[in-house]
Amino acid sequence: MEIIEKAPAKINLGLDALYKRQDGYHELEMIMASVDLADRLTFELLPKNEIVIETDSSFLPVDRRNHVYQAAELLKDTFQLTQGVKIYIEKRIPVAAGLAGGSSDCAAALRGLNRLWNLGLSLAELAELGSKIGSDVPYCIHGGTAFVTGRGEKIDFLPSMPQCWVVLVKPKMSVSTSSIFGSLSFNSIQHPDIRGLKQAIEADDYLLMTEKIGNALESVTIKRHPVVQQIKDRMMKYGADAALMSGSGPTVFALCEKKTRAQRIYNGLKGFCDEVYIVRTLK
Ligand code: C5P
């Protein structure tokens, strides 16, 4: 028997850090949305008690460092399972990019193994298990458009964000999330209007949403990698309705109501960066 799970990328329409907590994590307020760029995971039972990860990507480790491996190990340990599994990861989402590719793969692994091993766990139970592996995993278990708070584990579902075209541009370098959070200064932080953004989405008001998107980590990453600002500037020059860095970066996304604009941004940025995608938001 073979099981397939899709693992969609996410963008942060909003990301605010409120304060640093005792446990070292930041208390966050985020608005996340899934887009239709996805990895694909295939699961197959193995007779021997082992976890085998295979992938078409040269960037992914296939051992315990991979969050998909950790997901399988966590379920095996928690429920004392002795069946083995082979998981094949078809990688389409750029790695270490601010698009939650690793977290989404991990979430897809938890959903897929829940089916493969007939564990009967609810999405809420999978999200709770996933929070042990990474802060973005609980959101990725559910996907869609959501208001996410706490360390990333409190999820309020929102109506799907107003439909539009999204151009994703990933510059060459990778960014370490913990290092960007580590450089965040609460003296100079610019807090986006997350409540206003949430209201815009609830009202399905595309224009207001484009005015309210914002990311408190953006200026930190731009200081280190000015190319992020250059991409934003080019996107606006080519007609984006709005442009913002996702997560801790370095991927920047442009929002466009018109497909022709998205195409113009794609053409304008394709020579500047290798990894450029036009995608749609997911319901
Ligand atoms: O949970 P995860 O391992 O994905 O987080 C990566 C890093 O991002 C953490 O080590 C931490 O430095 C930072 N982080 C944070 N506050 C959060 C989530 C992540 O400071 N709420």
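Helices are DSSP runs of at least four residues, numbered from the N terminus. In the predicted model examined here, helix H6 contains both glutamate 202 and lysine 198, which are 4 residues apart, about one turn of the helix. The side chains of glutamate 202 and lysine 198 meet in a salt bridge, with an N to O distance of 3.5 Å. Glutamate 202 counts as partly exposed because its relative accessibility is 42%.

The domain assignment divides the chain into domain 1, residues 2–157, and domain 2, residues 165–280. A distance of 23 Å separates the C-alpha centres of domain 1 and domain 2. In the contact between the two parts, 27 residues of domain 1 meet 35 residues of domain 2. About 2,400 Å² is buried between domain 1 and domain 2, and 68% of this area lies on carbon and sulfur atoms. Polar contacts are also present across the interface of domain 1 and domain 2, where 11 residue pairs, both members at pLDDT 80 or more, are found. On the side of domain 1 that touches domain 2, the elements giving two or more residues are strand E1 (2–20) and strand E2 (26–46). The largest share of that side, 11 residues, is supplied by E1.

The interface of domain 1 and domain 2 holds 1 salt bridge by the rule applied. Side chains of opposite charge can pair when their charged atoms come close. Glutamate 29 and arginine 195 form a salt bridge in which the closest N and O atoms are 2.5 Å apart. This pair links distant parts of the chain, with glutamate 29 in strand E2 and arginine 195 in helix H6 (residues 194–202), 166 residues apart. The two partners were assigned to separate accessibility classes. Glutamate 29 is buried because its relative accessible area is 13%, under the 20% limit for that class. Arginine 195 has a relative accessible area of 47% and is therefore partly exposed.

Across the whole structure, the search finds 16 salt bridges. One of them joins the side chains of aspartate 23 and arginine 21, at an N to O distance of 2.6 Å. Aspartate 23 counts as partly exposed because its relative accessibility is 45%. As noted above, a salt bridge also connects glutamate 202 with lysine 198.

In helix H3 (residues 123–130), the buried residues are Leu126, Ala127, Leu129 and Gly130. These residues lie on the same side of H3 because they cover an arc of only 160° around the axis. Ala124 and Glu128 are exposed on the other side of H3. The cover over the buried residues of H3 includes helix H1 (67–78), H2 and helix H4 (137–142).

Helix H2, which spans residues 101–116, contains alanine 107. Alanine 107 counts as buried because its relative accessibility is 0%. Apart from neighbours within four places in sequence, alanine 107 contacts Val137, Cys140 and Ile141. Proline 138 is 31 residues from alanine 107 in sequence, while the C-alpha atoms of the two residues are 7.4 Å apart in space.

Helix H9 was then considered. Within H9 (residues 227–237), Val228, Ile231, Lys232 and Met235 are buried. Among the elements covering the buried residues of H9 are strand E7 (165–170), helix H8 (218–224), strand E9 (242–245), strand E10 (252–256) and helix H10 (259–270). Glycine 239 follows H9 and has a positive phi, near 105°.

Terms used
Residues are numbered from 1 along each chain as its sequence is written. This is a predicted model: local features need pLDDT of at least 70, side-chain atom pairs count only at pLDDT 80 or more; totals for chains, interfaces and linings use all residues. Side-chain values use heavy atoms; hydrogens and water are left out. Buried means under 20% relative accessible area, exposed over 50%, partly exposed in between (1.4 Å probe, protein chains only). Contact means heavy atoms within 4.5 Å. Domain bounds come from an automatic or database domain assignment. Buried area is the accessible area (1.4 Å probe) that two parts lose on being put together, summed over both. A salt bridge is a side-chain nitrogen of Lys or Arg within 4 Å of a carboxyl oxygen of Asp or Glu. A polar contact is a pair of N or O atoms within 3.5 Å; within protein, one must be able to donate a hydrogen and the other to accept it, and residues adjacent in sequence count only if both atoms are side-chain atoms. The arc is that of the directions from the helix axis to the C-beta atoms.
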